[in-house]
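Take a moment with the sequence and the 3D view. Then read on.

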Amino acid sequence: GLGFLCSLTFYDVETLKHFCLSSHFFHFSIILIITFITIVQLLRWSSLQIGDIKAYHPQRVPVLLYATAGLRSLPESDAVSILRASQAAVKEFDYPFLCDADMVLVIDGQKEGLYAWQSAQQMLHLQEKALSRKVGFVDVGGASTQIGFVPDAFERHKYGDEIPSVQLHDTRYHVYTHSYLHFGINEAKSRHMNSTIASSIPRYASSALSSSSSSSASWGAGKNQEKIEVRDPCRLEGHDETVFRDGKSFLFIGEGNWDLCLTTLQSMFQPKVGVYGFAGIEQPSVQDENTLFIAMDHFSRVSRFMNVETTIESQIYAEEHIAPLEEWREKGRLFCRRTLEQGVSDIGDMFEGYPTSGYCFEAVYIYTLFTHGYGFESHTKNIVTNGKVGDWPLTWAMGAMQSYFEERLRLERIV
């Protein structure tokens with residue numbers, strides 16, 4: 001079957017929320033217009049790739065518009081508006097595309113994780129890569145993070161029905177998946193800023209009370225408003241920024257300290273129920289030498305920045321396998337010691353579309369997520385950092401398409 005899938009993922013979740021919740025109607029209309037234009041551009045590109053299919057395929061090509069955590073974190077009414085605008089874009093396009101109401105939806109984290117796992121297996125199958133080890137994944141998105149893998153027999157017995165079975169290529173697998181909403185890299189950055197501000201307010205309040213200026217003047221709005229200084233170990237030295245929250249002005253001052261940042265971010269993953277999993281979730285062990293975990297999305301981008309790259313082939317066939325998290329920690333510690341001026345001088349203002357100034361936080365957060373969150377040991381050698389299965393970048397889109405067509409075939413057989 002012929003198919004096309006567009007994944008609506010908003011990496012800058014805080015910006016999206018700001019657009020939706022403040023100056024609501026004006027900004028939200030801008031989002032809907034951008035969504036419409038983006039979908040049209042994707043469909044135009046897709047039609048060129050497919051070519052003139054009318055002569056060869058009498059049916060319309062299905063377009064699935066699936067949204068993930070970026071829309072899961074929005075109010076339902078706003079998410080629905082965005083999805084309706086997306087569907088309208090498909091219907092307005094002069095091409096034989098099919099996009100019914102049941103093909104436009106926000107998928108839950110469980111399905112997103114399962115689709116990514118299915119994609120990995122399908123990519124291995126299509127590239128005829130017969131591996132001696134199982135393949136799982138860890139996805140570090142903007143709003144959420146997902147994990148999916150086939151646990152060993154002991155773990156499957158321990159968790160029982162909590163691990164569902166999936167039929168794939170005439171084989172049944174017991175696949176564990178879980179999605180942690182609000183633990184994507186952008187949401188984590190916002191949460192870190194808010195918690196850092198919250199910890200600074202008592203110190204500011206006490207100093208304000210003892211000062212000659214009144215507290216109302218200190219906390220008031222306006223260009224002459226006093227700024228509350230916030231020391232942030234997760235920013236490079238020299239990366240100072242003024243942030244406004246609830247009518248107050250906070251001056252973040254970068255201190256660039258990997259170890260202190262690591263300690264600060266670990267509190268994000270409480271409560272810890274067991275060694276593996278976080279935020280009150282206990283998951284099966286990831287310490288399985290027979291499983292390779294493909295780390296994707298923002299993880300692979302930051303790994304390229306850190307120059308810590310491993311592939312499926314290097315982690316299986318190389319004489320010496322790399323422990324990427326150990327190398328990540330050492331290179332990250334060195335980078336966070338740099339000043340912003342040094343970092344920009346060596347790398348430039350941006351790297352792959354993201355500010356160089358933000359990579360200290362991102363490097364520490366991802367390392368903390370994997371070690372303190374998911375429970376990977378720093379010396380583990382079963383992580384693939386380039387986010388690829390062979391030559392193809394891993395996403396959940398292929399698994400979603402496969403699941404859609406398999407369900408259609410199943411219903412056709414019933415009819």
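## The whole chain

This is a predicted model. The protein chain has 415 residues, and 48% of them count as buried. Its secondary structure comes to 15 helices and 18 strands.

The chain exposes about 20,100 Å². Carbon and sulfur atoms supply 53% of that area.

## Helices α9 and α14

Two packed helices are described by the angle between their axes and the distance between the axes. Helix α9 covers residues 258-266. Its axis and that of α14 come within 9 Å. They cross at roughly 55 degrees, which makes α9 oblique to α14. The crossing is right-handed.

Which residues make the contact? On α9 they are W258, C261, L262, L265 and Q266. On α14 they are F361, A363, V364, Y365, Y367, T368 and H372. Of the residues in this contact, 9 are nonpolar and 3 are polar. None is charged.

## A closer look at E362

Helix α14 spans residues 359-374, and E362 lies in it. Is E362 buried or exposed? Its relative accessibility is 2%. Buried means under 20%, so E362 counts as buried.

What does E362 touch, leaving aside its neighbours within four places in sequence? E362 is in contact with I185, K189, R301, V302 and Y354.

Note on methods:
Residues numbered from 1 in each chain as written. Predicted model: local features only at pLDDT ≥ 70, side-chain atom pairs only at ≥ 80, totals over all residues. Heavy atoms only, no water. Helix = DSSP H or I, 4+ residues; strand = E, 2+ residues; numbered from the N terminus. Buried < 20%, exposed > 50% of the residue type's maximum accessible area, 1.4 Å probe, protein only. Contact = heavy atoms within 4.5 Å. Areas by Shrake-Rupley, 256 points an atom, 1.4 Å probe, with all protein chains shown as cover. Axes fitted to C-alpha atoms, helices over the stretch in contact; angles between N-to-C directions. Parallel < 35°, antiparallel > 145°, perpendicular 65-115°, else oblique. Left-handed = near helix turned anticlockwise from the far one by under 90°. Nonpolar A, V, L, I, M, F, W, Y, C, P; charged D, E, K, R; others polar.
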